[in-house]
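I want to work through it piece by piece and write down what I find.

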Amino acid sequence: MQEQLNFLKIALSDHQIGAMTRSSKYVVRAVMRNLRGQLLRRVIEYGPGDGVITKEILKRMPRDGEMIVIETNPKFLKVLRKIEDPRLKIIEGTAQTASKELKSNYNANVNLVLSSIPFSILNRLDRKEIVSNTFEMLEESGKFIVFQYSPILLSLLKKYFNANNINTQFELRNIPPMFIMSAQK
Ligand SMILES: C[S@@+](CC[C@H](N)C(=O)[O-])C[C@H]1O[C@@H](n2cnc3c(N)ncnc32)[C@H](O)[C@@H]1O
């Protein structure tokens, strides 16, 4: 409850957060269900917020794993820096810019990318850049999991990933309800 209130306070001061509440435990569980059998040696997350998903991933990662999170909001960055885990690397910046560099550094070498950034407030070119860079950084059979209130990214995901390898779920138990789209390379 306290964490939801802290999230709300931060969200009220930044419209780019695109939500008033952190992901519910039901969304977290639904995202985790998509990870069964997935290697988690190198994971990237766009828009970790206060780290509600980040912490769950870290619990499931091997000791020599690496998790890179990209966040724009300074208050969330402060919260994230309190997570004491040597496997976690925090980048201050946008997914659009960071994904270009990550693509060059980790070409086809990332097991999983997660994103909950509000794609609806990004322009079409930025959306395309992020999906394209993400596709390139993923290893064969790596996954891109997008969770957000709108299925706006679905058509773009279908341009890069095989439609048979995309699965969409809708979780009502979140404010507001959330689409969870999982695309496997
Ligand atoms: C809807 S919140 C989700 C937070 C958290 N992942 C969760 O599930 O509760 C979206 C997050 O993305 C961040 N964000 C928004 N635009 C971004 C961008 N272009 N690049 C990186 N992070 C962004 C916001 O600051 C916010 O922390």
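I began with a facing pair: F170 stands opposite F179 in β7. I noted that the model is a predicted one.

**Entry: the hairpin.** I looked up how the two strands here are linked. β6 and β7 pair in the antiparallel sense, over 6 bridges. A hairpin of 6 residues joins β6 to β7. P176 is found in the loop between these two strands, β6 and β7. I checked the peptide bond from I175 to P176, and it is cis, with omega near -15°. Most peptide bonds are trans, so I marked this for a second look.

**Entry: the sheet.** I then traced the strand order. 7 strands form an open sheet, in the order β3-β2-β1-β4-β5-β7-β6, and the pairing is mixed. Which strands stand at the edges? They are β3 (88–92) and β6 (166–171). Each has a single partner strand, so one side of each is left without a neighbour in the sheet. The twist averages 15° from one strand to the next. I also followed β7 to its other pairing. β5 and β7 (residues 178–184) pair in the antiparallel sense over 6 bridges. There V146 stands opposite M181 in β7.

**Entry: helices on the sheet.** I asked what α3 lies across. The answer is β1 (42–46), β2, β3 and β4 (110–115). α3 runs at about 175° to β2. Helix α6 (residues 124–137) lies across β4 and β5, at about 145° to β5.

**Entry: the core.** I looked for the largest nonpolar core and found 40 residues in it. Those with the most contacts inside it are V31, M67, V113, I145, F147 and I180. Strand β5 (residues 138–148) gives the most to this core, with 5 residues. In soluble globular proteins, nonpolar side chains tend to be buried together. Beyond four places away in sequence, V113 touches I44, T134, L138 and F144.

**Entry: the ligand.** How many residues surround the ligand? I found 23, and the closest are A19, R22, S23, G47 and G49. The elements that give two or more residues to this shell are α3 (52–60), β2 (66–71) and α5 (95–105). By class, the shell has 11 nonpolar, 10 polar and 2 charged residues.

Entry: Is E71 buried or exposed? The cut-off for buried is 20 or more other C-beta atoms within 10 Å. E71 has 26, so E71 is buried. E71 is found in strand β2. Leaving aside neighbours within four places in sequence, E71 is in contact with G47, P48, F76, L77, L80, I90 and E92. E71 and Y46 are 25 residues apart in sequence, but 6.5 Å apart in space, C-alpha to C-alpha. R124, in helix α6, is exposed, because 9 other C-beta atoms lie within 10 Å. R124 and I152 are 28 residues apart in sequence and 10 Å apart in space, C-alpha to C-alpha.

**Entry: positive phi.** Phi of A108 is near 55°. A108 is found in the loop between α5 and β4. With 13 C-beta neighbours inside 10 Å, A108 counts as partly exposed. Phi of S141 is near 75°. S141 is found in strand β5. S141 has 12 other C-beta atoms within 10 Å, so S141 is exposed.

Conventions
Residues are numbered from 1 along each chain as its sequence is written. This is a predicted model: local features need pLDDT of at least 70, side-chain atom pairs count only at pLDDT 80 or more; totals for chains, interfaces and linings use all residues. A nonpolar core is a set of buried Ala, Val, Leu, Ile, Met, Phe, Trp, Tyr and Cys residues joined through C-beta atoms within 7 Å. Helices (H or I, at least four residues) and strands (E, at least two) are DSSP runs, numbered from the N terminus. Two residues are in contact if their C-beta atoms, placed from the backbone, lie within 7 Å. A residue is near a molecule or strand if its C-beta atom, placed from the backbone, lies within 6 Å of it. Ala, Val, Leu, Ile, Met, Phe, Trp, Tyr, Cys and Pro count as nonpolar, Asp, Glu, Lys and Arg as charged, and the others, Gly among them, as polar. Two strands pair if DSSP finds at least two bridges between them. Axes are lines fitted to C-alpha atoms, for helices over the stretch in contact, and angles run from 0 to 180 degrees between N-to-C directions.
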